[in-house]
Amino acid sequence: MENLTSQKKIRAFAPATVANVGCGFDVLGFAIHELGDYVTASVSETPGVRITSITGDGGRLPLEAEKNTAGLAAQSLLKEAGKTDLGVELTIEKNMPLGSGLGSSAASSVASVVAVNRLIGDPFSKSELLPFSVEGELAASGTAHADNVAAALFGGFILVKTHNPPDVLSLQTPEKLHCTIIHPKIEIQTKNSRKILRKEVPLQKAVTQWANVGSLVVGLYTDDYDLIGRSLHDEIIEPVRSMLIPGFKEMKAAALKAGALGCSISGSGPSLFALSTSEFLAREIGKKMGTVLDEVDLEFDVHVSKVNTVGAAVVSES
Ligand code: HSE
């Protein structure tokens with residue numbers, strides 16, 4: 001029996017995510033398809049969490065569990081489960097760029113807790129896994145915020161009411177919604193792009209911002225694409241962070257001209273996201289945004305996806 005357990009391997013996937021969704025800094029997010037991380041967990045004889053390999057990161061992420069978001073999240077889960085004596089080995093396959101604004105650290109920590117939870121018999125529900133992943137995110141960005149991890153964990157659109165205690169609302173996803181992501185190949189660390197934000201917000205800007213968050217949520221629930229577009233404005237964060245992204249203004253203008261409902265920075269950037277109502281439009285928008293970066297000779301990737309409403313899941317058990 002013990003032998004069987006020690007041979008068990010659980011592989012889990014957690015998707016890339018778009019946090020903030022324009023107006024909802026630290027509270028709104030949604031998951032996308034294909035991009036994301038895989039974490040495989042297995043039992044080992046040496047107590048504690050060990051990361052045995054990381055691929056797809058160009059050798060840049062730490063293998064030490066206490067310095068790695070996936071390792072930290074796994075440690076936090078095992079501590080809460082009273083299983084700190086258990087030996088757990090993790091392998092991480094990164095299938096998305098680092099420092100891109102697509103929730104790379106969240107994808108690793110969420111895939112890690114989903115895999116480790118299954119390895120020890122699923123003692124925690126999905127909602128209960130959230131705080132463990134937030135621990136990992138805290139290490140990566142210096143502040144605990146749950147918009148990426150909640151979107152990666154639950155899928156679909158989410159609203160983080162509070163992360164501590166965890167209170168996450170899953171929102172409705174309109175069927176026709178498509179997302180274009182353009183990832184200019186520069187890196188922005190969340191830690192740094194949070195440092196440049198002002199700590200105080202003028203009242204009038206706050207009023208506009210919470211009106212937009214409210215109307216975006218209504219738009220999602222009523223499939224009102226026009227209202228979604230009219231709500232995708234960020235008066236507070238985008239004006240500051242966009243200065244770090246070459247061609248931001250031109251890319252956004254190109255996306256809107258090509259028929260996007262709205263466009264803003266994905267998470268802490270440098271990726272931008274644009275929402276539209278068909279795959280055809282989403283691809284056209286990507287092409288037009290790409291011409292802006294071609295002109296400034298900056299390499300980029302474009303990714304088109306519907307909203308991933310499944311979120312993180314175990315993909316194989318052996
Ligand atoms: N809400 C976070 C931010 C997402 O914008 O800093 C990035 O992790």
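1. A polar contact here is a pair of N or O atoms within 3.5 Å. Keep that cut-off in mind for the ligand distances below. The model is predicted.

2. Asn148 places a polar side-chain atom 3.0 Å from an oxygen atom of the ligand. For Arg194 the corresponding distance to a ligand oxygen atom is 2.6 Å. For Arg241 it is 2.8 Å, again from a polar side-chain atom to an oxygen atom of the ligand. Each of these pairs is a polar contact, because 3.5 Å is the limit.

3. How much of the ligand does the protein bury? Taken alone, the ligand exposes 260 Å². The protein buries 96% of that area. The ligand sits in the largest pocket.

4. Now the shell. There are 13 residues around the ligand. Those that come nearest are Asn20, Asp26, Asp147, Arg194 and Arg241. By class, the shell holds two nonpolar, six polar and five charged residues.

5. Which elements give two or more residues to that shell? They are helix 5 (147–154) and helix 6 (190–195).

6. Why does the ligand lie between the domains? Domain 1 (2–171 + 308–317) gives residues to the shell, and domain 2 (178–305) does too, so the ligand lies between them.

7. Next, the backbone. Most peptide bonds are trans, and most residues other than glycine have a negative phi. Three places in this model deserve a look on that account.

8. The peptide bond from Asn164 to Pro165 is cis, with omega near 0°. Pro165 belongs to the loop that joins strand 5 (157–163) and strand 6 (166–171).

9. A cis peptide bond also runs from Gly269 to Pro270, with omega near 10°. Here the loop is the one between strand 8 (262–265) and strand 9 (272–276), where Pro270 is placed.

10. Val21 is the phi case. Its phi is near 50°, a positive value in a residue other than glycine. Where is Val21 found? Val21 is in the loop between strand 1 (9–19) and strand 2 (28–44).

Key
Residues are numbered from 1 along each chain as its sequence is written. This is a predicted model: local features need pLDDT of at least 70, side-chain atom pairs count only at pLDDT 80 or more; totals for chains, interfaces and linings use all residues. Side-chain values use heavy atoms; hydrogens and water are left out. A residue is near a molecule or strand if one of its heavy atoms lies within 4 Å of it. A polar contact is a pair of N or O atoms within 3.5 Å; within protein, one must be able to donate a hydrogen and the other to accept it, and residues adjacent in sequence count only if both atoms are side-chain atoms. Accessible areas come from the Shrake-Rupley method with a 1.4 Å probe; for residues, only the protein chains shown count as cover. On a 1 Å grid over the protein atoms alone, a cavity is a set of points where a 1.4 Å probe fits but cannot get out, and a pocket is an open set with protein on both sides within 12 Å along at least five of seven lines; lining residues have an atom within 4 Å of a point. A molecule sits in a cavity or pocket if more than half of its atoms lie within 2 Å of its grid points. Helices (H or I, at least four residues) and strands (E, at least two) are DSSP runs, numbered from the N terminus. Ala, Val, Leu, Ile, Met, Phe, Trp, Tyr, Cys and Pro count as nonpolar, Asp, Glu, Lys and Arg as charged, and the others, Gly among them, as polar. Domain bounds come from an automatic or database domain assignment.
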